[in-house]
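Welcome, and thank you for taking a look at this structure. Please take a moment with the sequence and the 3D view, and then we can walk through them together.

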Amino acid sequence: MPSWKTPETLKYLKSDEWILIEGDMGTIGITDYAQDQLNDIVFVELPKVGDVFAKGKPFGSVESVKAASDLMMPVSGEVTEINTGLKTRPDSVNNSPFENGWIIKIKITDADNDALLDAAAYAAYCQTR
Amino acid sequence: MSYIPHTDVERQQMLAAIGVTTIEDLFEAVPSRYRFPKLDLPDGASEMEVAAELQSFAEANDHAGDFALFRGAGAYHHYIPSAVNHILLRGEFYTAYTPYQPEMSQGTLQAIFEYQTMIAQLTGMDGANASHYDGATSLAEAVIVGLEASRHARKKIVLSYGIHPHYRAVVRTYHQWAGLDIVGDDADHSAEDFANLIDEDTAMVAVATPDYFGRMADFRELAKRVHAAGALLVIVTNPMALALFKSPGEMGADIVVGEGQPLGIPLSYGGPYVGFFATKMGLMRRISGRIVGETLDKNGVKAYVMTLRPREQDIRRERATSNICTNQGLMALAATVYLSLMGKNGMKRAAELCYHKAHYAAAQIDHLNSYTVDQSQPFFHEFVIQCPVPVAQINAALYEAGIIGGIDLGADYPALKNHMLLCVTEMNSKDEIDTLVSILNEVSEKAGVTA
């Protein structure tokens, strides 16, 4: 049975984004499962600092050699930082999806998180796919 | 690869596998009265007879080669070196289609890469795609990039009156359901009035140099205004003119488009032509159309491959920039061969011939008492003449002398009644120009016009 890293401290979406919630700030990226499915990531389309997105809306996209996938907001928020390092090293998302491969940081405006799974639920979900 | 047709036994096996007895059974969904309709066709004719009949149809048309042609307006009569056709008609190029398999398509891919490179160099931009259907389509596609750049938050497109009327019509048709506010081309606005149309809701501004009336302009100031408002600037241009004049890239264009027909493609009654599309590196991921890149294979050998594929409609589907995932391959190749043969110096010489002959013609015509040539702005090889009599009358007289005169602008622009758009290229000899001028003079004298 293949297994992917799913750090306990994070929350997850079924669409394979993760979020680290610290007070009213959030850091968002995609999971180890996602980067494994996508294969070599060649480009990450980032939003601009100051952009505001509602929960469930696309805030950017990730491109591999053969596919392009939208990135969905786990909660509503305003973008406070973007990982500009991804412009030159998009493969950080493959090598370090939960650390160097973080994509955006946000100020959470609506903490409604009923769609968020904890690590165990997400890991179990990945086994069924 | 072998292409062996199915045998009857294989057909029976296939029919049995899908549960029918005969091939006719597959047509049951078609009502019987439509299934095998009576076609009232004449008997087949021999190749000789067919060739003769088609020949007589063809001879009913006048051919550009039989006339001295002084008409442009978006399609131009230039000399095509015979080497262009020799290369184009080679089976390897002529029948090759989409280079999806790079291992089998290096020739096609390299040719496209060279095309992209030369277009980028000519236009002063960072990169180009593998081409669009024609100049009008390229402009319509550029509008999409403008809308995407503002994430569809901005809905206003400002188009210059000077852009070819057909291009502006195509932009409106293409985007008729997008809820856009397309403005600016209702009148020949001054540069200041035009720039004042740009606001926070403007996604893109499009202008042309040379424009439909032949006028050249420097858009550096406009580019600053466009960028200050957070919009994109598209410049429509003529590749032949770029051999002589400042490139749109140097003026600050974000996208450069236009018709590539002047580059080794015959007039052919309107097509096939080829639309070029060049842009800055930052926008390459947003543009539609095929893009070919240069890379190294696993053995370190230089190779060419289609790249930035996730933009394209066959992969991104409804989230792609556009439905386009093809290019005008053969015509782009013709342009590539032409540019390669002519080179920088050849292009410059051809453009200079067009420029000087056109300016000679303009001076001679302006010198006639009853005709005026608009020389208020610099022009490349086309200019507008104010005529003393209807253009149709002048063109009828020219036709008798084996000359095709310019476009009657009054047809599309009511305010320009009796105005003719004349084009002169390297194909027009001095004798032809002098004959044209003398006939213009005769027509006005016969009509009794003195000044």
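Two strands are said to pair if DSSP finds at least two bridges between them. Helices (H or I, at least four residues) and strands (E, at least two) are themselves DSSP runs, numbered from the N terminus. What you see is a predicted model, in which local features need pLDDT of at least 70 and side-chain atom pairs count only at pLDDT 80 or more, while totals for chains, interfaces and linings use all residues. Residues are numbered from 1 along each chain as its sequence is written, and chains are lettered from A and ligands numbered from 1 in the order in which they are written.

Let us begin with chain B. Its C-alpha trace spans about 85 × 60 × 50 Å along its principal axes, and its secondary structure comes to 15 helices and 15 strands. Of its 451 residues, 42% count as buried; a residue is buried if 20 or more other C-beta atoms lie within 10 Å of its own, exposed if 12 or fewer, and partly exposed in between, with C-beta atoms placed from the backbone. Residues are in contact if their C-beta atoms, placed from the backbone, lie within 7 Å. Among contacts in chain B between residues at least 6 apart in sequence, 72% join residues at least 24 apart.

Now look for the open sheet in chain B. Seven strands form it in the order S2-S8-S7-S6-S5-S3-S4, and their pairing is mixed. Strand S2 (127-128) and strand S4 (181-183) of chain B are the edge strands, each pairing on one side only. Within the sheet, strand S6 (residues 232-237) and strand S7 (residues 255-259) of chain B run parallel and are joined by four bridges. Here B:Ile235 stands opposite B:Val256 in S7(B). S3(B) and S4(B) also pair in the parallel sense, over three bridges, and B:Lys156 stands opposite B:Asp181 in S4(B).

In a regular strand the side chains alternate between the two faces of the sheet. On S3(B), B:Lys156 and B:Val158 point one way and B:Ile157 and B:Leu159 the other way, and all are buried. Helix H7 (residues 135-149) of chain B lies across strand S3 (156-159), strand S5 (202-208), S6, S7 and strand S8 (275-279) of chain B, running at about 160 degrees to S7(B). Axes here are lines fitted to C-alpha atoms, for helices over the stretch in contact, and angles run from 0 to 180 degrees between N-to-C directions.

Where is B:Val226 placed? Look in helix H10 (residues 220-228) of chain B. B:Val226 is buried because 25 other C-beta atoms lie within 10 Å. B:Val226 and B:Ile198 are 28 residues apart in sequence, and 6.9 Å apart in space, C-alpha to C-alpha. Not counting residues up to four places away in sequence, B:Val226 touches B:Ile198, B:Val205, B:Ala231 and B:Leu233.

Next comes the interior. A nonpolar core is a set of buried Ala, Val, Leu, Ile, Met, Phe, Trp, Tyr and Cys residues joined through C-beta atoms within 7 Å. Of the 114 residues in the largest nonpolar core, B:Leu139, B:Val234 and B:Ala335 touch the most other members. Helix H13 (residues 329-367) of chain B gives the most to this core, with 18 residues. The core draws at least three residues from each of domain 1 (65-78 + 343-446) and domain 2 (82-338) of chain B, whose bounds come from an automatic or database domain assignment.

How far apart do the C-alpha centres of domain 1 and domain 2 of chain B lie? They lie 29 Å apart. Across the contact, 22 residues of domain 1 of chain B meet 20 residues of domain 2 of chain B. On the domain 1 side, the largest share, seven residues, comes from H13(B).

Finally, turn to chain A. An open sheet of six strands has the order S1-S2-S3-S9-S8-S5 in chain A, with antiparallel pairing. Strand S1 (11-12) and strand S5 (52-53) of chain A stand at the edges with a single partner strand each, so one side of each is left without a neighbour in the sheet. Six bridges join strand S2 (residues 17-22) to strand S3 (residues 25-30) of chain A, and A:Glu17 stands opposite A:Ile30 in S3(A).

Methods:
Contact = placed C-beta atoms within 7 Å.
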